[in-house]
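Welcome! Here is a short tour for anyone meeting this structure for the first time.

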Amino acid sequence: MSLIVEGLTVEIDGTRVVDGVSFEVPSGGRVGIIGESGSGKSLTALAIMGLLPDGAVARGSIRWEGRELVGLSERERAPIRGREMAMIFQEPQTALNPIRRVGAQIVEAARIHHGLRGHRAAQLATELARDVGLPSPETIVSAYPHQLSGGQRQRVGIAAALAGQPSLIVADEPTTALDVTVQKGILDLLAGLVAGRDASLLFITHDLAVLAQIATHALVLDSGSVVESGEVDRLLSAPEHPVTRGLLRDAKATLWRPEGSS
Amino acid sequence: MSEIILRARGVTREFRAPRRTLVEKRSVSFALQPVDLTVRTGSSVGIIGESGSGKSTLARLLLGLDRPTAGVVEVGGHAVDAGASARELRWLRRAMGVVLQDPYGSLDPRMNVGRIVGEPLWALGIDGDRRQRVREVLARVGLPGVEERYPHEFSGGQRQRIALARAIVHRPQILVGDEPLSALDVTVRAQILDLLNQIRHEEGMTLIMVSHDIGVVQNVCDEVVVMTGGEVVEQGATGDVLRHPRHAYTKQLLAAIPTI
Amino acid sequence: MSALARLWRIPLGRSALIVVAVIAATALVSLFWTPFDPRRADAYSAWAPPGWPHLLGTDGTGRDILSLIMAGARITVTVAIGAGLVATVIGVALAALGALTARPVRESVAVFVDILIAFPVLLIAMMIAAVWGGSLWVVIWSVGVGYGVNIARVARIELRRVNRADFVLAAQASGLTRSQILTRHLLPNAAPVFIVQLSWSMAAAVLAEAGLSYLGFGAPVTQPSWGLLLSEVQDYITVHPTSVLWPGIAITLTVLALNLLGDALREATDPTLSRGRRAQTHTPEVIA
């Protein structure tokens, strides 16, 4: 259950926006990608999922469970997506279809990939809703997205990602749009779920503090290239590259310091 | 002890849900509980809260952009009547400047930067060489010579600088920020925060900053007001409140913040 | 890039703009010069086919068709502009009332507008003409009101949307009065939408005038309207088919051009198209 990315490049209209990115997500691992807007981190995630926008071309190697993903057609990709790897998006607002009930959206992956129907699908929806900590799971599955709070919607997004029983979860800034207390709940949830299901997590963020909460290893991206990588603890205590140092410095300038820590 | 520049007394705001039937009574969908706030000249106050806490509602009330259901807001000793005409409220508009949250929505896409930043001068009928003042203020925020450009040519951080320029062009005494940094990247945030601090100290402005980000508030504000569910649950000197939180919500909030 | 420049780049937009400009120019020129006096009847030259000196031929009373068409353009332009103006004023006023006032006023205006929209413009024009006699004013007012409410409906929504933007709040905080906000911020931002509707309303006005004049409810017989010309020569369509062509083509071309202009304007002023591209090249934040 591992993901090995080697020399990944993504070009959009001739501009190289991801340049020679290489990293590994071992089975059960929690790897983070950190960088500012425009560093290419989201595009890397999209390339892995095969969800690049039209006009974007990926080259290099993305090996998932030994299988090469770069160059696969959409038809070959679709079965992998949702079933073996799933994505959680940043905006809980727009990632859900406003005119469908959340229960249906949660189990969609299961219906498509595992052929789940009717009663069993409904059961799965309730189960997953419970797993992600949604209140009153049996009733909430019949709700529409607009009836839920931002944090609840993001939990629905996570439940939906889990429905196909993926081995890799790619989370693209899932907590950026959420309140701090809600964010903590979601991060704890993600960590717990990944451990409990023996899945791997690739977590993308621009926030070092959030990275510190959820990832064990990370790579730092700047303008499409990896400038530094390693264990998160080491990156935070002894960063080497100026970009990493800059991120750390800026984070500290705007971070809350519980008294007593520097 | 310096004078009180802004005061809120028993300020509340009720929002009623739209009626579903003609005869149904309109229920209250959200209410800001009575707030008492005193801000002294030259100080900086942070209003912390998560979504739905009522902090933005409070900010609008303090700015005189919304009418309280009950209670009074006083600026410089004068009561604010948010229902009065724009002309009658000129004194208030002159005294205050605001930077809003969304850098992509707070600048009119069809006006150039020069006109946008100069608008308060025009609207308030302020004398003097307006173009010169606009030039000055744009240079001050680190964007010299951009008067002829349009908002879409700038990044989020740059737009907030433009919004800041607009907020201070008329030399207000009070600067209000409604989550001005929330939509920005970490790096950019640090820069803008720095700028805000500098300008505030140079011009001797009073700062009221609404934010959900405690780190930001800690860096900039001497006093802090914590809100949740439409209520103020704690207020006091920043150091005190953040080091020794008394209310359960404050404690919960601080515990949830990811740190390095 | 300005909207006009963008419009020029769209092939249909360019053509439509050119046609409209030519018609307007013709109308202007006809005030000073036409090949022949459009009213001059010359029995000896009746029903002349296109040729020299009558480039488009003559009608049953020997009047030069080209001159008639040129003079008729005046009426077309007058009606289009007149109806357009009336529609704009009524549209903007109703939209502003329907978007920016207190809830009870807003909602009553919305209902009022919806009711008016249901009325068939041409029928009303005919009814009015039947009572008060046909004239260009009937056309201008009935099309103006009819399309004014259409514009109001669309503009109202647009105004409400723009009103919610933060820059409006910022303007309020800067001390602008509501009417200043309306003219400096709301209308310019909502304008692309009603400019398109305006174009279409002018097309409708031209068609309405032609139709009403043709039926006898529009321009009085003394004025050289294309619709009137059409009704006069149509009896002889089997005998002198080319004479019918010219007013027909003139009307069709004008209405088509105005309609296409509206479509092209919609494309040219679409903020998502242009803004999207700009944002992409400038702020990579949007992509990565």
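## A threonine in a helix

Let us start with A:Thr126: a polar atom of its side chain lies 3.0 Å from the backbone oxygen of A:Ala122. A polar contact is a pair of N or O atoms within 3.5 Å; within protein, one must be able to donate a hydrogen and the other to accept it, and residues adjacent in sequence count only if both atoms are side-chain atoms. This is a predicted model, where local features need pLDDT of at least 70 and side-chain atom pairs count only at pLDDT 80 or more, while totals for chains, interfaces and linings use all residues; side-chain values use heavy atoms, with hydrogens and water left out. Residues are numbered from 1 along each chain as its sequence is written, and chains are lettered from A and ligands numbered from 1 in the order in which they are written.

You will find A:Thr126 in helix 5 of chain A, residues 118-131. Helices (H or I, at least four residues) and strands (E, at least two) are DSSP runs, numbered from the N terminus. Is A:Thr126 buried or exposed? A:Thr126 has a relative accessible area of 16%, so it is buried; the classes are buried under 20%, exposed over 50% and partly exposed in between (1.4 Å probe, protein chains only). Leaving out residues up to four places away in sequence, A:Thr126 touches A:Pro137, A:Glu138 and A:Val141, where contact means heavy atoms within 4.5 Å.

Next comes A:Glu36, in the loop between strand 3 (30-34) and helix 1 (41-49) of chain A. A:Glu36 counts as partly exposed because its relative accessibility is 33%.

Not counting residues up to four places away in sequence, A:Glu36 touches A:Lys41, A:Leu221 and A:Leu247, along with B:Asp185 and B:Thr187.

## Chain A as a whole

Chain A has eleven helices and ten strands. Its C-alpha trace spans about 55 × 50 × 30 Å along the principal axes, and 51% of its 262 residues count as buried.

## Chain C, built from helices

How many helices and strands are there in chain C? There are eleven helices and zero strands. The C-alpha trace of chain C spans about 75 × 50 × 30 Å along its principal axes, and buried residues make up 46% of its 288 residues.
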